[in-house]
Amino acid sequence: KMGQSDMYNLCKKHQGKMVCITEKCGKKHYGRITGVDNKMVYIQPRGGFGGYGFGFWGGPGFGYGIALGAVAGIALAGAFFW
């Protein structure tokens with residue numbers, strides 16, 4: 001089982017890449033990781049507004065935040081997702 005610091009390191013490793021993030025509840029998020037802090041991973045969703053995700057409200061970079069504690073897994077998203 002991965003701890004929050006392990007998930008932080010995994011998100012940092014994949015920062016800037018297209019990923020599929022799966023939450024513990026089963027919800028999936030597809031997009032580019034734009035930032036990571038000690039509580040949140042920020043993702044720019046695919047097909048966002050003008051390529052800037054949900055805009056300036058999210059946090060570091062562009063996009064929206066997902067709590068690290070809610071993340072169950074991260075997978076690199078291949079071209080077939082787009």
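## Confidence of the model

The pLDDT is the predictor's confidence in each residue, on a scale from 0 to 100. The structure is a predicted model. For the protein chain the average pLDDT is 81, and 74% of the residues score at least 70.

Residues 49–58 have a pLDDT below 50, although in the model this stretch has 17 contacts beyond near neighbours in sequence. Where pLDDT is low, the predicted coordinates should not be read in detail.

## The sheet and the helix

Five strands form an open sheet in the order β4-β3-β2-β1-β5, and their pairing is antiparallel. β4 (64–67) and β5 are the edge strands, each pairing on one side only. From one strand to the next, the twist averages 50°.

The antiparallel pairing of β1 with β5 extends over five bridges. Within β5, G73 is the bridge partner of T22. The helix α1 lies across β2, β3 and β5, and runs at about 25° to β5.

## The nonpolar core

The largest nonpolar core comprises twelve residues: M7, C11, V19, I21, I33, V36, V41, I43, I66, L68, V71 and I74. Two or more of these residues come from each of α1 (4–13), β1 (18–23), β2 (28–36), β3 (40–45) and β5 (71–76). In soluble globular proteins, nonpolar side chains tend to be buried together.

L68 belongs to this core. Apart from its neighbours within four places in sequence, L68 is in contact with Q4, M7, Y8 and C11, as well as with D37, N38, K39, M40 and V41. Among these contacts, M7, C11 and V41 are also members of the core.

Key
Residues are numbered from 1 along each chain as its sequence is written. This is a predicted model: local features need pLDDT of at least 70, side-chain atom pairs count only at pLDDT 80 or more; totals for chains, interfaces and linings use all residues. Side-chain values use heavy atoms; hydrogens and water are left out. A nonpolar core is a set of buried Ala, Val, Leu, Ile, Met, Phe, Trp, Tyr and Cys residues joined through side-chain atoms within 4.5 Å. Buried means under 20% relative accessible area, exposed over 50%, partly exposed in between (1.4 Å probe, protein chains only). Helices (H or I, at least four residues) and strands (E, at least two) are DSSP runs, numbered from the N terminus. Contact means heavy atoms within 4.5 Å. Two strands pair if DSSP finds at least two bridges between them. Axes are lines fitted to C-alpha atoms, for helices over the stretch in contact, and angles run from 0 to 180 degrees between N-to-C directions.
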